[in-house]
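Work through these exercises with the sequence and the model open. Try each task before you read its solution.

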Amino acid sequence: MISMNNETILDKVSYLEAFQVDDFINQLLSTPDAISVGFLNQHGYNLVAKSPVIKADFLALDYILRDGIGIKIACKLSQIKPGENLNGTDLIPRIIECSQIHSQTVKYLCYGTIEPWLSKGASKLFKQHPFDSLDGFQNDDDYLEHFRTHLDKSALNIVVLAMGMPKQERIAKMLTQIVGVRVLVICGGAILDFQAERVSRAPEFYQKNGLEWVYRLLKEPKRMFSRYVIGIPIFFANVAMKK
């Protein structure tokens, strides 16, 4: 387990069971303040192990959820009950759907990926509701300025960050430091690319058996080689060392 300043990344994770997820979503949507949600997978674990700065950004998230079989294995080795597997690809659309049946005004913003996938994915994710957006290749301050310009102080502002780790966790920290705004910031990785069908989702067999990473490696071997072929052995080395 990776330790720093007496707090470990696995200790920060909220290990929810399936029956707790609906209440958790309602809690998020009822926030009177600024809160952030992220996901910890094998890739994120490796990033945290490599950089104290990245770890601090992850620990600044209000909620971290377990994503993937790698973290499940790390939990078992650390004698932690891993709870339900909760990935952003499934959970974020569920949160958005629930936000649209809540009796409150919601403002949607999303930052990440590139056009036309940004507009296509966001339109599908938000079910044709209006949204404001920027692509995922701007400077950090550009997102902060865009959010300040487009936020609605009378609404719950939901911001989906789809620019990948560790940039999205860093931006989430910045956005939640704005005082006096109700905002739910969700770190979503490739969520917009999945929604736009730029990236295909793994078949059910892979999903049920924790093998979505295998499918992504087969579909995008060059892009995913470093994350999985190199990253998985590094991940188990990090877990074994328990820094």
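**Exercise 1.** Is aspartate 57 buried or exposed? Then find its salt-bridge partner and say which parts the pair ties together.

*Solution.* Note that this is a predicted model.
- Step 1: take the accessibility. Aspartate 57 has 10% relative accessibility. The cut-off for buried is under 20%, so aspartate 57 counts as buried.
- Step 2: find the partner. Lysine 173 forms a salt bridge with aspartate 57, and their closest N and O atoms are 3.7 Å apart.
- Step 3: Lysine 173 sits in helix H9 (residues 167–175) and aspartate 57 in helix H4 (residues 52–59), so the bridge ties together parts that are 116 residues apart in sequence.
- Step 4: classify the partner. Lysine 173 is partly exposed, at 31% relative accessibility.

**Exercise 2.** The structure holds 11 salt bridges. Which aspartate does arginine 198 meet in a salt bridge, and which glutamate pairs with arginine 223?

*Solution.* 
- Step 1: start from arginine 198. Its side chain meets that of aspartate 193, at 3.3 Å from N to O.
- Step 2: classify both ends. Arginine 198 is partly exposed at 38% relative accessibility. Aspartate 193 is buried at 12%.
- Step 3: turn to arginine 223. Its salt bridge is with glutamate 220, with 3.0 Å between the closest N and O atoms.
- Step 4: check glutamate 220. At 21% relative accessibility it counts as partly exposed, because buried requires under 20%.

**Exercise 3.** Which residues are linked with Arg201 in a network of salt bridges?

*Solution.* Asp90 and Glu212 are linked with Arg201 in the network.

**Exercise 4.** How many residues of strand S4 (residues 34–40) are buried? Sort them by face, then name the strands that pair with S4.

*Solution.* 
- Step 1: count. In S4, 7 of the 7 residues are buried, so the strand is largely enclosed by the rest of the structure.
- Step 2: recall the rule. Side chains in a regular strand alternate between the two faces of the sheet.
- Step 3: sort. One side of S4 carries Ala34, Ser36, Gly38 and Leu40; the other carries Ile35, Val37 and Phe39. Both faces are covered.
- Step 4: find one neighbour. Strand S9 (residues 183–187) pairs with S4 in the parallel sense over 4 bridges. Leucine 184 in S9 is the bridge partner of isoleucine 35.
- Step 5: find another. Strand S5 (residues 63–66) runs parallel to S4, joined by 4 bridges. Here leucine 40 has arginine 66 as its bridge partner.

Technical notes
Residues are numbered from 1 along each chain as its sequence is written. This is a predicted model: local features need pLDDT of at least 70, side-chain atom pairs count only at pLDDT 80 or more; totals for chains, interfaces and linings use all residues. Side-chain values use heavy atoms; hydrogens and water are left out. A salt bridge is a side-chain nitrogen of Lys or Arg within 4 Å of a carboxyl oxygen of Asp or Glu. Helices (H or I, at least four residues) and strands (E, at least two) are DSSP runs, numbered from the N terminus. Buried means under 20% relative accessible area, exposed over 50%, partly exposed in between (1.4 Å probe, protein chains only). Two strands pair if DSSP finds at least two bridges between them.
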